[in-house]
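Please look at the sequence and the structure before reading on.

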Amino acid sequence: RILLYLVPCKLRLGVLPTQGLLTKYDLDIFIDVVKSIREGNVKLFTEKMEELAADFIRMGTYLLMMKLKFMVLRNLTKGVHREVRQRIGENADHKLDLTPFEHIFQWQDGCDADETACSISNLIHLGAVKGYLSHERRKLVFAKD
C-alpha cells in the first residue's frame, strides 16, 4: 500500500520504475503513465490521467501526478530535438526552427504555435530544457551540451 504513494513521489523526482517492478507489486495503474513519460507521449499521458483521475483523487495523489506533465513535455521536446538534429546530419546547428516542435505539439497536445512557444518557454524557465527561445527569428536555441 505504501508503494501507491511512494511511486508518484519517485516519479516527481524523476525516478521511473521498470514495468517489471510495477507488475510484480500489482501497480498496473502506473504502467501507462510511466510509459508515456519515457516516450514523451502527451496523448497517452492525457488519456490515462483522464481515465484514472478518480483513482488518483481518491488516493490523494492527483495533483502530484498532474505535475508530471512537464516531464512528458520535456521528453517530447528532447525527442523532437534529437530527431531533427539527426535528420539534418553532420551540419546540425544548435539553432532549430520552431516549426517541427509546433507540428508535434499540435499532434500530441492540440497546441497552437503560441501555446507551443509558451510550453517550451516554461520548460526552459524550469530548467528542464537548456537553451532559449528567439521569438523574432522563430528559433529554439539549445545549449551545446
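Predicted model: local features only at pLDDT ≥ 70, side-chain atom pairs only at ≥ 80, totals over all residues.

Residues are numbered from 1 along each chain as its sequence is written, and side-chain values use heavy atoms, with hydrogens and water left out.

**Overall make-up**

- The secondary structure of the protein chain comprises eight helices and three strands; helices (H or I, at least four residues) and strands (E, at least two) are DSSP runs, numbered from the N terminus.
- Starting at the N terminus, the order of elements is α-α-α-α-α-α-β-α-α-β-β.
- Along the principal axes, the C-alpha atoms fill a box of roughly 50 × 30 × 25 Å.
- Of the 145 residues in the chain, 38% are buried; buried means under 20% relative accessible area, exposed over 50%, and partly exposed in between, with a 1.4 Å probe and protein chains only.
- Among contacts with a separation of 6 or more, 51% join residues 24 or more positions apart, where contact means heavy atoms within 4.5 Å.

- Asp26 lies in the loop between α2 and α3, and it counts as exposed because its relative accessibility is 60%.
- Asp26 and Ile2 are 24 residues apart in sequence, and their C-alpha atoms are 12 Å apart in space.
- Helix α3 spans residues 31–39, and its buried residues include Ile31, Val34 and Ile37.
- The cover over the buried residues of α3 includes α1 (3–12), α2 (19–24), α4 (42–59), α5 (62–66) and α6.
- Gly40 follows α3 and has a positive phi, near 70°.

- Helix α6 (residues 69–88) has 20 residues and reaches 29 Å from its first C-alpha to its last, close to the expected 28 Å; the expected span is 1.5 Å times one less than the number of residues.
- Buried residues of α6 include Leu73, Leu76, Thr77, Val80 and Val84.
- An α-helix has 3.6 residues a turn, so residues three or four places apart point the same way.
- His81 is found in α6 and is buried, with a relative accessible area of 17%.
- Not counting residues up to four places away in sequence, His81 touches Leu96, Phe101 and Phe142.
- Just after α6, Gly89 takes a positive phi of about 95°.
- His94 sits in the loop between α6 and β1 (95–97), and it counts as buried because its relative accessibility is 16%.
- The side chains of His94 and Arg85 make a polar contact (3.3 Å); such a contact is a pair of N or O atoms within 3.5 Å, and within protein one must be able to donate a hydrogen and the other to accept it, while residues adjacent in sequence count only if both atoms are side-chain atoms.
- Beyond its neighbours within four places in sequence, His94 is in contact with Arg85, Leu140, Val141, Phe142, Ala143 and Lys144.

**Packing of α7 and α8**

- Helix α7 (residues 99–109) and helix α8 (residues 113–126) pack at an angle of about 100°, with their axes 9 Å apart.
- The two helices are therefore roughly perpendicular to each other, a term for angles of 65 to 115 degrees.
- Phe101, Glu102 and Phe105 in α7 meet Ala113, Thr116, Ser119 and Ile120 in α8.

Key. Axes fitted to C-alpha atoms, helices over the stretch in contact; angles between N-to-C directions. Parallel < 35°, antiparallel > 145°, perpendicular 65-115°, else oblique.
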